[in-house]
Amino acid sequence: MTIRLDHDATLAGSIPLFRGLPDPVVGRLLAHRLPRTYDDGEILFQEGDDAKSFFILLEGTVKILRNRADGSETLLNILGAGDTIGECAYCAGGTYSFSAEAVGRVRVLAIATETVSSCVAEDAGFASVLLRLQQRHLETMMDQLEQMKLLTAAQRVAVFILRLAKGLRGAATVSLPYEKALIAQLLGMNPESFSRALAKLREVGATVDGRDIRIASVERLRGFCRS
């Protein structure tokens, strides 16, 4: 168990959250870490729960959800290894403003909000890091909203695929990181609409083979998103 905790601390210390922070601040945060494991469908926390911890996601995938007035849920984001969850909890009025649910097996390190607050008091730079992370999450949601307003279903799927192909040129192959139904939900469509959108992309050279997407030309697919 000690070996795993040391490994977890090394992994957690390499994520963007800690870049540029003084070693004593990072050490204090990780000294109070609490490793937790969740199985598929388990809830890390519910919207409205007391915000007692923020989480560093080490392995697996977590859905970020918001409750709707009719009792249904809206998928806001999907997070993976290296992401943080609930880092704004210490300044959010004492409660979580969204829910977090495990997709498959998930491992996290939980860090108490009291520890976060003391580290913010110790180093103002840490507060700036937390604010930048919050800004990044907000920008992601704004981008998703803009896409739903301005892009067709096929264009939204193409944008998602292009993110997976970031840095690639010409012909490329990428793998869908999640089940197609989950991606469809994230993009604001049902599975049938997602399948039709994928079929539409064959016209611009993107074909599906299981969870692999073969792209004849990244540049052509990018041009389709702008058309």
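Let's start with Ser 193, which you'll find in helix α7. Keep in mind as we go that this is a predicted model. Is Ser 193 buried or exposed? Its relative accessible area is 18%, and buried means under 20%, so Ser 193 is buried. Its side chain has a partner, too: there is a polar contact with the side chain of Arg 196, at 3.2 Å.

Now let's stay with helix α7 and look at a neighbour. Helix α7 covers residues 191–200, and it packs with helix α5, residues 153–164, at an angle of about 75°. The two axes are 8 Å apart. With that angle, α5 is roughly perpendicular to α7. Which residues make the contact? From α5 we have Ala 153, Ala 154, Val 157 and Ile 161. From α7 we have Phe 194, Ala 197, Leu 198 and Lys 200. If you sort the residues of this contact by type, seven are nonpolar, none is polar and one is charged.

Please hold on to Lys 200, as we meet this residue again in a salt bridge with Glu 203. The closest N and O atoms of that pair are 3.2 Å apart. Lys 200 is partly exposed, at 38% relative accessibility, while Glu 203, at 52%, counts as exposed.

That brings us to salt bridges in general. Side chains of opposite charge can pair when their charged atoms come close. How many salt bridges does this structure hold? There are seven. Let me show you another: Arg 214 pairs with Asp 209, with the closest N and O atoms 3.0 Å apart. Arg 214 is partly exposed at 37% relative accessibility, and Asp 209 is partly exposed as well, at 43%.

My next example is Arg 107 with Glu 59, where the closest N and O atoms are 3.0 Å apart. This pair links distant parts of the chain. Arg 107 sits in strand β6, residues 99–112, and Glu 59 in strand β3, residues 53–67, which puts the two 48 residues apart. Arg 107 is buried, with a relative accessible area of 5%, whereas Glu 59 is partly exposed at 33%.

Let's go on to a second pair of helices. Helix α3, residues 113–122, packs with helix α4, residues 124–150, at an angle of about 120°, with the axes 5 Å apart. The two helices are therefore oblique to each other. On the α3 side, the contact is made by Val 116, Cys 119, Val 120 and Glu 122. On the α4 side, you can pick out Ala 124, Phe 126, Ala 127 and Leu 130. The residues of this contact divide into seven nonpolar, no polar and one charged.

I'll finish with Cys 225, which is found in helix α8, residues 218–226. Cys 225 counts as buried, at 13% relative accessibility. What does Cys 225 touch, leaving aside residues up to four places away in sequence? The answer is Leu 151, Gln 155, Ala 158, Val 159 and Leu 162.

Notes: Residues are numbered from 1 along each chain as its sequence is written. This is a predicted model: local features need pLDDT of at least 70, side-chain atom pairs count only at pLDDT 80 or more; totals for chains, interfaces and linings use all residues. Side-chain values use heavy atoms; hydrogens and water are left out. Axes are lines fitted to C-alpha atoms, for helices over the stretch in contact, and angles run from 0 to 180 degrees between N-to-C directions. Helices (H or I, at least four residues) and strands (E, at least two) are DSSP runs, numbered from the N terminus. Angles under 35 degrees count as roughly parallel, over 145 as roughly antiparallel, 65 to 115 as roughly perpendicular and the rest as oblique. Contact means heavy atoms within 4.5 Å. Ala, Val, Leu, Ile, Met, Phe, Trp, Tyr, Cys and Pro count as nonpolar, Asp, Glu, Lys and Arg as charged, and the others, Gly among them, as polar. A salt bridge is a side-chain nitrogen of Lys or Arg within 4 Å of a carboxyl oxygen of Asp or Glu. Buried means under 20% relative accessible area, exposed over 50%, partly exposed in between (1.4 Å probe, protein chains only). A polar contact is a pair of N or O atoms within 3.5 Å; within protein, one must be able to donate a hydrogen and the other to accept it, and residues adjacent in sequence count only if both atoms are side-chain atoms.
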